[in-house]
Amino acid sequence: SDARWKIVTMHHPYFAAAADRRERDAVRRAAFSGVIDRHDVDLVLVGHIHFYNRASEVPVGETPSARVARGDGRIVETMYVISASGAKSGEVFQPSQVESLFGDGIPDWDNASLDRTAGNTPMFQVLEFNQNRMSFKAYTGIGEEYDAFTLEDLGDGRNRLVDGEAAYGDTRYFGNTGPYEDHNALD
């Protein structure tokens with residue numbers, strides 16, 4: 001495609017940050033990553049896993065730059081977002097695991113940086129396009145903004161990622177969002 005923005009949607013992810021998925025996801029990654037790279041895909045939106053993850057891929061050969069301040073931009077390749085809108089939720093991490101890797105802009109696995117995550121939180125996303133900018137916002141099921149970023153097409157095959165204010169809020173875990181209740185238990 002010669003479209004300015006290339007977005008792929010898939011059901012099964014291949015970039016989930018949960019450690020128990022890495023081996024399984026590696027098979028999908030081997031099958032799809034070459035195609036994604038060859039066609040300069042900007043954003044991959046997936047579901048299946050019932051938590052929220054946003055990861056940014058650091059360009060091969062680029063020195064990763066840490067996300068050190070709100071509004072600072074950095075060069076990225078493909079962005080990956082996993083989200084589920086249903087009430088069922090999986091536990092993504094314990095806080096201590098996330099704090100060692102979350103949101104620093106440095107690759108955590110397979111040349112991708114985990115930039116934002118949430119458990120126990122149904123989400124929906126809104127994308128807006130304005131010339132060379134794509135804005136992305138993720139909202140909780142009750143409409144609270146949870147994540148935001150803008151991709152700017154620099155015109156030379158590279159994108160600049162700028163995290164929005166919502167990307168710096170508290171991380172949602174099972175421990176701070178209440179227990180999961182099966183739909184059959186609700187009256």
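Two strands count as paired if DSSP finds at least two bridges between them; helices (H or I, at least four residues) and strands (E, at least two) are DSSP runs, numbered from the N terminus. The model on screen is predicted, so local features need pLDDT of at least 70 and side-chain atom pairs count only at pLDDT 80 or more, while totals for chains, interfaces and linings use all residues. Residues are numbered from 1 along each chain as its sequence is written, and side-chain values use heavy atoms, with hydrogens and water left out.

**Whole chain**

Start with the cartoon. The protein chain has 2 helices and 10 strands, in the sequence order β-α-β-β-β-β-α-β-β-β-β-β. Of its 187 residues, 43% are buried (buried means under 20% relative accessible area, exposed over 50%, partly exposed in between, with a 1.4 Å probe and protein chains only).

**Strands β3 and β6**

Select residues 52-57 and 112-118. These are β3 and β6, an antiparallel pair joined by 6 bridges. Within the pair, N53 stands opposite T117 of β6. As for cover, 7 of the 7 residues in β6 are buried.

**D115 and its partners**

R54 and D115 form one of them, at 3.7 Å from N to O. That pair links β3 to β6 across 61 residues of sequence, and both R54 and D115 are buried. R74 also bridges to D115, with the closest N and O atoms 2.9 Å apart. R74 lies in β4 (residues 73-76) and D115 in β6, so this pair ties together parts 41 residues apart in sequence. R74 counts as buried because its relative accessibility is 6%; D115 is buried, at 0%.

**R116**

Move on to R116, also in β6. Which side chain of opposite charge is nearest to R116? It is D147, 4.4 Å away, and R116 is buried yet has no salt bridge (Lys and Arg count as positive, Asp and Glu as negative; His and the chain ends are not counted). A polar atom of the R116 side chain does lie 3.0 Å from the backbone oxygen of G169. G169 is in the segment after β10 (159-163). G169 is partly exposed, with a relative accessible area of 32%.

Select residues 79-82. This is β5, covered on both faces: M79 and V81 on one side, Y80 and I82 on the other, are all buried. β3 runs antiparallel to β5, with 4 bridges, and S56 stands opposite M79. β2 (residues 43-46) pairs with β5 in the parallel sense, over 4 bridges; there V46 stands opposite I82. V46 is buried, at 11% relative accessible area. Leaving aside residues up to four places away in sequence, V46 touches M10, H11, H12, P13, V81, I82 and S83 (contact means heavy atoms within 4.5 Å).

**Strands β8 and β9**

Finish at E152 and R133, whose side chains meet in a salt bridge at 3.8 Å, N to O. E152 lies in β9 (residues 145-153) and R133 in β8 (residues 133-140), so the pair ties together parts 19 residues apart in sequence. E152 is buried, at 15%, whereas R133 is partly exposed, at 40%.

Definitions and conventions:
A salt bridge is a side-chain nitrogen of Lys or Arg within 4 Å of a carboxyl oxygen of Asp or Glu. A polar contact is a pair of N or O atoms within 3.5 Å; within protein, one must be able to donate a hydrogen and the other to accept it, and residues adjacent in sequence count only if both atoms are side-chain atoms.
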